[in-house]
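Please examine the fold shown below.

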Amino acid sequence: MVNDMKAAVVYWSATGNTEAMANAVADGARAAGAEVSLYTSAEFTADMTADFDAIALGCPSMGVEELEDTEFRPLFDEMKAALADKRVALFGSYGWGDGEWMRTWQEECEAAGIRLAADGVIANEAPDDEAIEKCNALGGALVA
């Protein structure tokens, strides 16, 4: 299957859980035929947003159910306006709570005019087989 979409998977991960999810999202987008580039949030700049048709963003829940605020949040805020004409997907892991940060993040995207390709995928701690399958599906939906 060949698909002319160029996708980026951009993530922040402290423990490797969100990184594992990022790899699964990238695998799903590749399986759907897209050209996929994987970046940490330190490697990606807001200017790079223009180079991609679709972008998956991954960040774990931090603090009081919020995005990581020293590296990921500033990048997301800087690229938010440029995401309005892209296909976007969200994912991340959490260690406590019920996923409120993902619901808040999705609402923030919708309020900014960002079109989400699918509901965000979350995993409690390390992603299990079901979470990896959902990440693969998310990657496919991102580039569909």
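A residue is called buried under 20% relative accessible area, exposed over 50% and partly exposed in between (1.4 Å probe, protein chains only). This is a predicted model, in which local features need pLDDT of at least 70 and side-chain atom pairs count only at pLDDT 80 or more, while totals for chains, interfaces and linings use all residues. Residues are numbered from 1 along each chain as its sequence is written, and side-chain values use heavy atoms, with hydrogens and water left out.

**Strands.** Helices (H or I, at least four residues) and strands (E, at least two) are DSSP runs, numbered from the N terminus. Strand β1 (residues 6-11) has 5 of its 6 residues buried, so the rest of the structure largely encloses it. The pairings of β1 are listed here.

Together with helix α1 (residues 17-31), β1 and β2 form a right-handed β-α-β unit. Right-handed here means that, with the strands pointing away from the viewer, the path from the first strand over the helix to the second runs clockwise.

**Helix packing.** Helix α2 (residues 72-79) and helix α3 (residues 100-111) have axes that come within 12 Å and cross at roughly 20°. Hence α2 is roughly parallel to α3, a label for angles under 35 degrees, with over 145 roughly antiparallel, 65 to 115 roughly perpendicular and the rest oblique. Axes are lines fitted to C-alpha atoms, for helices over the stretch in contact, and angles run from 0 to 180 degrees between N-to-C directions.

**Cysteines.** With a disulfide defined as a pair of cysteine sulfur atoms within 2.5 Å, the count is 0 disulfides. C59 is in no disulfide, and the nearest cysteine sulfur, that of C109, is 12 Å away. C59 is buried at a relative accessible area of 0%, and C109 is likewise buried, at 0%.

**Backbone angles.** Most residues other than glycine have a negative phi. E65, in the loop between β3 and α2, has a positive phi near 50° and is buried, with a relative accessible area of 13%. E125 also has a positive phi, near 65°; this residue lies in the loop between β6 (121-124) and α4 (129-142). At a relative accessible area of 42%, E125 is partly exposed.
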